[in-house]
Amino acid sequence: MSATSRPSAENGGTGRQRANYRGVVGWIPTVFAAVVGIVALRCGVVWTLQGANLWGGSFMSGSSRWLVIGVLVLVGSVIALVRTGLLVRRRFSR
């Protein structure tokens, strides 16, 4: 077998192995988008609460700039998570 772990016709991989490889690798962008969306959601919540002065103890507390940034990140992360959920739903409905 060659140095690469990717199955192909020249190193003995069958069509089924290639299809399985593509199926597994196809999940990487979806999982990455979900993780980034969750992290952004958390940041958006924290920044919104600090900007609204509901979570004190930071230079961001009570700043309208961080309230706006937090809301924008929060909305963007919700949109990203909904799109990721729709991608997962589409993948399972095939």
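What share of the 94 residues in the protein do buried residues make up? Buried residues come to 17% of the 94, where buried means under 20% relative accessible area, exposed means over 50%, and partly exposed is in between (1.4 Å probe, protein chains only). Keep in mind that this is a predicted model, where local features need pLDDT of at least 70 and side-chain atom pairs count only at pLDDT 80 or more, while totals for chains, interfaces and linings use all residues. Residues are numbered from 1 along each chain as its sequence is written, and side-chain values use heavy atoms, with hydrogens and water left out.

**Overall layout**
- You're looking at three helices and zero strands, which run α-α-α along the sequence; helices (H or I, at least four residues) and strands (E, at least two) are DSSP runs, numbered from the N terminus.
- Take the contacts between residues at least 6 apart in sequence, and 41% of them join residues at least 24 apart; a contact is heavy atoms within 4.5 Å.
- The protein's accessible surface is about 7000 Å², and 66% of that belongs to carbon and sulfur atoms (Shrake-Rupley method with a 1.4 Å probe; for residues, only the protein chains shown count as cover).

- Helix α2 packs in 25 residues and reaches 36 Å from its first C-alpha to its last, close to the 36 Å expected at 1.5 Å a residue; the expected span is 1.5 Å times one less than the number of residues.
- The buried residues of α2 are T30, G37, G44, V46, T48, Q50 and G51, and what covers the buried set includes α3.
- On the α3 side there's T84, which counts as buried because its relative accessible area is 7%.
- Leaving out residues up to four places away in sequence, T84 touches T30, A33 and A34.
- Back in α2 sits Q50, which is also buried, at 8% relative accessibility.
- Q50 touches W55, S58, M60, S61, G62 and S63, again not counting residues up to four places away in sequence.

**The loop between α2 and α3**
- N53 is found in this loop, just after α2.
- The phi of N53 is near 60°, a positive value in a residue other than glycine.
- W55 is in the loop too, between α2 (27–51) and α3 (64–92).
- With a relative accessible area of 41%, W55 comes out as partly exposed.

**Aromatic rings**
- Searching the whole structure turns up two aromatic pairs.
- One of them is F59 with W66, whose ring centres are 6.2 Å apart and whose planes sit at 85°, so the pair is edge-to-face.
- For the cut-offs, rings of Phe, Tyr and Trp (its six-membered ring) pair if their centres lie within 6.5 Å; planes under 30 degrees apart count as stacked, over 60 as edge-to-face and the rest as tilted.
- W47, F59 and W66 form one aromatic cluster.
- F59 is exposed, with a relative accessible area of 66%.
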